[in-house]
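Me: I am new to this one. Could you walk me through a few of its features?

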Amino acid sequence: MAESQTVASRGRRSGLPVVLGATAIAGLLGYVIQVGMGAALGDTPKYTIFMAFWAAFYLIIGALAGIQQEFARAFSRIDAEPAVGTVGVRPQNFLFGLAGTLLVVLVGSGFFWGPLVFGQDGQIAAAVIAVGAAAYVIFSGLSGQLYGQERWGVLAVAIIADPLLRAVLLGAVVLIGGGILDLQLAVTIPVALTTIAVALLMVRRRRPATRMGMSARALTWNCSRTVAGSVSTAALISGFPLFLKLVGENDPALATIIFVFTVVRAPVVIPLLALQNFMIVHFSKNAQDRFARVIKLILVVVLGAVFLGVVAMIIGPALVQWVTGGAFLPDPLLVGGMVAAAGLTAALCVSGAAVLAADLHGTFAAGWTVAAVVSIGLLLIPGQLSTVALVALTVGPLPGLACHLFVLRRNSAAPSPSAAETGAALGS
């Protein structure tokens, strides 16, 4: 029986390339959406409004990714120790309760922040975001469960279906000349549709109901700390154009800066962000030399980004002009600088995965929060928006990276019990 369980486990793990392939396809679809919407809408107020909505939605979605990470951790433990899954809160109860709470909070608060961010019809935009975010709570939990149980086939469907539906719907709206609300619905509806499809696929497997191995209070505490780090992650990645719009509303180069930020940084940051769950598993299984592995990977990421930045400075502007039909004409330094600075954000993805693998939830949140606060704060310094944005994206991640590495180093060294307790205290 043990042998059959081992074979089954190997069979599930052999599906890992399928998930990596699905992640690559999803990333490509997202990239096509970003480039396509920029080319279709051009350097116009409509594009700026659309990207502000996109950034606000994915700021929340990015924060909720912390739920996926915690569910992945919990269910990987349950899969290894089945007895753990017989106690604690039921995942569906937790997810539906959290989704309902988030829906009420976002709809209620949207009457205040909606008009501030989106102007006219801002309350409607906030309500659309609220419904999509509530659906994503369920989606995030289900995806985390699939990761933890290594059910790669269903997970691959979940990864691809959402961006594929979004690309189709956005393309249809552009073709029929739809308005802003149509574009906003096309962004959020795929989350709900994909969540329903994934839930149905999981039910068909008729797996027994599993508990989380911890109380609702403990799960909420773990998720809240991971989400705190994830919201800062999202602020530095998908949500940053929202802050650019808020501080540079009247800058004539705003649309170009947002487009360059969104498109040229993605090849550096998104792969590392998408692979965080796998890095968590990798660093968990290699705890003895975790810190050395982290340093090596960070060096590869940063040096690679600098090299790509030089290449982007040479060929990037012409490439952007070509793919957008001349809609955007960015400065070479802006393009190259954005790519090079992306390496530091990608490095935070690596260090963040490592501290989560070491159960340092507080450190994960602290590092990303410091990086986000410093980056957004630097946007307020006077100067040309393009220069200010580059300074913010270069300097901002450094203190967060230092925070992660400092605590991770102390935790890895652990020369004595008291030192280990100190590292744990810093991470709690």
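This is a predicted model: local features need pLDDT of at least 70, side-chain atom pairs count only at pLDDT 80 or more; totals for chains, interfaces and linings use all residues.

Me: How many salt bridges does the structure hold?

Reply: The structure holds two salt bridges. In one of them, R166 pairs with D162, and the closest N and O atoms are 2.9 Å apart. In the other, the side chains of R293 and D289 meet at 3.0 Å, N to O.

Me: Where do R166 and D162 lie?

Reply: Both R166 and D162 belong to helix 6, with a spacing of four residues, about one turn of the helix.

Me: And are R166 and D162 buried or exposed?

Reply: R166 is buried, and D162 is buried as well.

Me: What about R293, buried or partly exposed?

Reply: R293 has a relative accessible area of 31%, so it counts as partly exposed.

Me: Changing topic: how do helix 14 and helix 16 cross?

Reply: The axes of helix 14 (residues 332-357) and helix 16 (residues 385-395) come within 9 Å and cross at roughly 15°. Helix 14 is therefore roughly parallel to helix 16, as angles under 35 degrees count as roughly parallel.

Me: Which hand does the crossing of helix 14 and helix 16 have?

Reply: The crossing in which helix 14 passes helix 16 is left-handed.

Me: Why does E150 count as buried?

Reply: The relative accessibility of E150 is 15%, so E150 counts as buried, the cut-off being under 20%.

Me: What is the phi of D359?

Reply: D359 has a positive phi of about 65° and is not a glycine. D359 sits in the loop between helix 14 and helix 15 (361-378). At 46% relative accessibility, D359 counts as partly exposed.

Me: Last topic, the surface. Which residues make the nonpolar patch?

Reply: The nonpolar surface patch covers about 820 Å² and is made by V306, F307, L308, V310, V311, M313, I314, I315 and L333.

Me: Which helix gives the largest share of the patch?

Reply: Helix 13 (residues 290-323) gives the largest share, with eight residues.

Note on methods:
Residues are numbered from 1 along each chain as its sequence is written. Side-chain values use heavy atoms; hydrogens and water are left out. Patches are made of residues with over 30% relative accessible area and no salt bridge: like charges are joined within 9 Å, nonpolar side chains (Val, Leu, Ile, Met, Phe, Trp, Tyr) within 5 Å. Accessible areas come from the Shrake-Rupley method with a 1.4 Å probe; for residues, only the protein chains shown count as cover. A salt bridge is a side-chain nitrogen of Lys or Arg within 4 Å of a carboxyl oxygen of Asp or Glu. Helices (H or I, at least four residues) and strands (E, at least two) are DSSP runs, numbered from the N terminus. Axes are lines fitted to C-alpha atoms, for helices over the stretch in contact, and angles run from 0 to 180 degrees between N-to-C directions. Angles under 35 degrees count as roughly parallel, over 145 as roughly antiparallel, 65 to 115 as roughly perpendicular and the rest as oblique. A crossing is left-handed if the near helix is turned anticlockwise from the far one by less than a right angle, and right-handed if clockwise. Buried means under 20% relative accessible area, exposed over 50%, partly exposed in between (1.4 Å probe, protein chains only).
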